[in-house]
Amino acid sequence: MVKSMTAVNLGLPLRAALRPDAAPGVMPSLDGRPEHSGLVDRFGRVARDLRVSVTEKCSLRCTYCMPAEGLPAIPRDDLLTATEIARLVRIGVRDLGVREVRFTGGEPLMRADLAEIIGRSAEAAPGIDLSITTNGIGLDHRIHSLVEAGLTRVNVSLDTVDREHFARLTRRDRLPAVLAGIRAAHEAGMTPLKLNAVMMRVTLHDAPELLAWALENGCRLRFIEQMPLDADRSWLRENMVSAEELLAVLGERFTLVEAGRDDPHAPAEEWRVEGWTVGGAPATVGIIASVTRSFCAACDRTRITAEGTVRSCLFGDDETDLRGLLRGGADDAEIARWWQAAMWGKQAGHGMDAAGFAPPVRSMGAIGG
Ligand code: SAM
Ligand code: SF4
C-alpha cells in the first residue's frame, strides 16, 4: 500500500528512458509495483481523475492547439464507441479508484452520440461526477439532452471577449456562439460554470475585461499557461505569457490576494478578487501555471485517448492500448491490470526544464486536454 507522496525531481530527462518496455501488444512492466487496487505510479501518486477524449474533430482551430487544416481524421472504426467508453468508465470507477470523469477532445460536442456516451457512463458508474470540457459552440442546442443523460458540470474554454482577437486566436469568428453556449449552460443549472483561458500574447491585455465579464456573469475563471502542445510546434518559452506577467496585468484593474489551492491536487492556484462577489461568495480567479510552477508532483490524472489508449501523462508519448483488449474479449480484471501497468510507468513530470526536452508527438487536441 502506497501511503505518501514522494518528492519528484522534475529536472531529469525523463521521456522515453522510463519505458523501454512500452510496445504495442506488450503489457508495460509492473516490476516493483506494490499491491494497490488503484492507479499508483513509481512516484507515489495515485490517479483518480479520468479524462476521456471522445474525438479529434473540432469546430475551432485555436492556434495553441490545432493546425489550420484540423487534425488528421481518426477512422471511424478506430474511435471507441459509447458502449466501450462506458465500460472503461465502469472499470475505472468500480475497480481502480477513479472519482471523477471528464469528457474532452478535440471538441466533445462534435460527437453526435455525446448524450449516449454520458448516459451509458452514468449507468455504468452511478453517482460519479461526469463533466465536459468544451468550446461551447452548439452547447445551447445540446445542454438539455446532456444534463438529462447525467452531465453534472461544464467547463467552457474562452480566451477573450474581444471578438476580433477571438477570431484571430481560434481562426473562426464564433465568439457569439460560445457566449450563447455559456448562457445556456447557466440556465440549465450548470453553476458555478468554470471558464478556462489560455494565456496568449495576443489576448494578454484583454485579461482584465475577460475577468470582469466572467465575474459579472457568475463564472469562475482560470487562466492557463500555454504549454508546448500545439500541432504547429510554434511554442517558445521566451514568448509564452507567464503567471507572473498575467498577475501584473490583472493587478492594473483588480486587487488580488493569494488564496492557495482549493485542494492539494487542484492545478489552479486561487486569488481572491477584492471587492467582487459571485453568487454572494467572495470572487476568485485561478491560475494554472503548468510551465513556471509545475504541479506534476501532485498530478492525479489518467487519460484515455479517443482511440482507446491509456496516456499516463500529457507529455509522455508511450501509450497502452485498451481498445484491442476491449474488442478481443478481455475481461474487466485484465483490462484493469493493463491500465494499472500503464499508470505504473507514468513519468515524474513534463520535463520541460530538462536539457534536450522535446514536445510530445501528439498535440493537445489529439491527446485530449
Ligand atoms: N475543445 C474543448 C475545449 O477547447 O475546451 C476541449 C479540448 S481542449 C484540448 C481542452 C483544454 O486544453 C482547453 O481548455 C484548451 O484551452 C486547453 N489547451 C489546448 N491547447 C493548450 C496548450 N497548448 N496549452 C495549454 N492549454 C491548452
Ligand atoms: Fe478545438 Fe479545444 Fe483545441 Fe481549441 S483548444 S482547437 S476548441 S480542441
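The shell around ligand 2 is made up of five nonpolar, five polar and two charged residues, where Ala, Val, Leu, Ile, Met, Phe, Trp, Tyr, Cys and Pro count as nonpolar, Asp, Glu, Lys and Arg as charged, and the others, Gly among them, as polar. This is a predicted model, in which local features need pLDDT of at least 70 and side-chain atom pairs count only at pLDDT 80 or more, while totals for chains, interfaces and linings use all residues. Residues are numbered from 1 along each chain as its sequence is written, and chains are lettered from A and ligands numbered from 1 in the order in which they are written.

**The ligands**

- Among the residues that surround ligand 2 are Cys58, Cys62, Cys65, Glu107 and Ser157, a residue being near a molecule if its C-beta atom, placed from the backbone, lies within 6 Å of it.
- Around ligand 1 there are 20 residues, of which Cys65, Ser157, Asn196, Met364 and Gly369 come nearest, and this shell divides into eight nonpolar, ten polar and two charged residues.

**Strand E8**

- Strand E8 covers residues 219-225, and seven of its seven residues are buried, which requires 20 or more other C-beta atoms within 10 Å of a residue's own, with C-beta atoms placed from the backbone.
- Cys219, Leu221, Phe223 and Glu225 point one way from E8, whereas Arg220, Arg222 and Ile224 point the other way.
- E8 pairs with E7 in the parallel sense over seven bridges, pairing being counted if DSSP finds at least two bridges between two strands.
- Strand E11 (residues 281-288) runs parallel to E8 and is joined to E8 by four bridges, with isoleucine 224 standing opposite isoleucine 288.

Definitions and conventions. Buried ≥ 20, exposed ≤ 12 C-beta atoms within 10 Å, placed from the backbone. Helix = DSSP H or I, 4+ residues; strand = E, 2+ residues; numbered from the N terminus.
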